[in-house]
Amino acid sequence: MSSKRELIISKIRDGVVIDHIPAGRALLVLRLLGISGREGGFRVALVMNVESRKLGIKDIVKIEGRELTKDELNLVALVAPTATVNIIRDYEVISKFKVAIPDVIEGLLKCKNPRCITNQQREPIRSRFRVLSREPLKLVCDYCGTIHELNDIEKYFGLA
Ligand code: CTP
Ligand code: ZN
């Protein structure tokens with residue numbers, strides 16, 4: 001995809017390009033990575049609704065100047081299972097991988113059961129979910145057994 005008409009936003013020098021995000025999900029991807037735009041110190045570019053051979057239309061997110069681990073990047077798969085991560089160094093793609101939903105998700109999501117021990121003020125326990133199914137997405141809280149689906153995650157990140 002190096003044709004000039006793809007270059008709505010220029011190539012980046014060092015950072016991460018998350019490509020092949022289903023159209024409309026770029027903001028959700030940023031929220032999931034904990035990027036709100038208020039942090040400062042790094043640059044983010046969003047490309048929304050561009051043509052893709054594989055997906056019809058897609059979104060792209062480019063992040064410069066912030067380190068993201070492979071584990072953090074794999075969380076993107078929760079909301080954008082088709083996404084590809086490209087690690088960029090000195091303008092070159094030095095590695096590329098397809099995101100994959102991990103088996104266990106710790107500390108990132110809040111259980112929707114208000115009585116769950118992970119939601120008790122006096123006893124803050126890190127949340128932990130196990131993946132029951134990837135398609136459709138089904139996560140189970142390790143503490144109370146409540147099942148969470150994609151739209152629970154979207155609600156949690158404020159975009160449903
Ligand atoms: N990219 C970028 N800055 C760079 C290098 C690449 O923003 N310095 C972006 C490209 O615009 C593209 C993505 O990173 O969106 C992946 O780049 P590349 O592997 O060159 O593109 P494709 O071959 O089209 O990728 P794929 O096969 O994964 O579709
Ligand atoms: Zn729970």
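The radius of gyration used here is taken over C-alpha atoms, and the globule rule is 2.2 Å times the number of residues to the power 0.38. With 160 residues, that rule puts a compact globule near 15 Å, and the chain, at 17 Å, agrees. Keep in mind throughout that this is a predicted model.

**Stop 1: the whole chain**

Switch to a cartoon and you will find 3 helices and 9 strands. Followed from the N terminus, the elements come in the order β-α-β-β-α-β-β-β-β-β-β-α. If you colour by accessibility, buried residues account for 42% of the 160 residues.

**Stop 2: the loop between β1 and α1**

Next, select Arg25, in the loop between β1 and α1 (26-32). Is this arginine buried or exposed? Arg25 is buried, because its relative accessible area is 19% and the cut-off for buried is under 20%.

**Stop 3: strand β2**

Now move to strand β2 (residues 43-52), where Arg43 is found. Arg43 has a relative accessible area of 58%, so it counts as exposed. Draw a C-alpha to C-alpha distance from Arg43 to Leu139 and you get 32 Å, for residues 96 apart in sequence.

Stay in strand β2 for Asn49. Its phi is near 60°, a positive value in a residue other than glycine. Asn49 is partly exposed, at 49% relative accessible area; exposed would require over 50%.

**Stop 4: a positive patch**

Show the surface and select Arg53, Lys54, Lys96 and Lys98, which form a positive surface patch. Of these, take Lys96 for a closer look: this lysine lies in strand β5 (residues 92-98). Lys96 counts as exposed because its relative accessibility is 58%.

**Stop 5: the loop between β4 and β5**

Step back to the loop between β4 and β5, the place of Tyr91. Tyr91 is not a glycine, yet its phi is positive, at about 75°. At 48% relative accessibility, Tyr91 counts as partly exposed.

Select Asp90 and show its side chain. Which side chain does Asp90 meet in a salt bridge? The partner is Arg13, with an N to O distance of 3.8 Å. This pair links distant parts of the chain, 77 residues apart: Asp90 sits in the loop between β4 (84-89) and β5, and Arg13 in the segment before β1 (15-22). Arg13 is partly exposed, with a relative accessibility of 45%.

**Stop 6**

How many salt bridges does a search of the whole structure find? The search finds 12. One of them can be shown by selecting Glu72 and Arg66, whose closest N and O atoms are 3.8 Å apart. Both partners are partly exposed: Glu72 has a relative accessibility of 27%, and Arg66 has a relative accessible area of 22%.

Then bring up Arg134 and Asp103, a salt bridge with an N to O distance of 3.0 Å. The two are 31 residues apart and link distant parts of the chain, with Arg134 in strand β7 (residues 128-134) and Asp103 in the loop between β5 and β6 (104-106). Arg134 is partly exposed at 38% relative accessible area, whereas Asp103, at 55% relative accessibility, counts as exposed.

While the charged side chains are displayed, select Glu106, Arg128, Arg130 and Asp142 together. Salt bridges that share partners join these four residues, Glu106, Arg128, Arg130 and Asp142, into one network.

**Stop 7: a cis peptide bond**

Finish with Glu135 and Pro136. What kind of peptide bond joins Glu135 and Pro136? The bond is cis, with omega about -5°. Pro136 has its place in the loop between β7 and β8 (137-141).

Definitions and conventions
Residues numbered from 1 in each chain as written. Chains lettered and ligands numbered in written order. Predicted model: local features only at pLDDT ≥ 70, side-chain atom pairs only at ≥ 80, totals over all residues. Heavy atoms only, no water. Patch = residues over 30% accessible without salt bridge, like charges linked within 9 Å, V, L, I, M, F, W, Y side chains within 5 Å. Areas by Shrake-Rupley, 256 points an atom, 1.4 Å probe, with all protein chains shown as cover. Lys, Arg positive; Asp, Glu negative; His and termini not counted. Charge placed at Lys NZ, Arg CZ, Asp CG, Glu CD. Helix = DSSP H or I, 4+ residues; strand = E, 2+ residues; numbered from the N terminus. Buried < 20%, exposed > 50% of the residue type's maximum accessible area, 1.4 Å probe, protein only.
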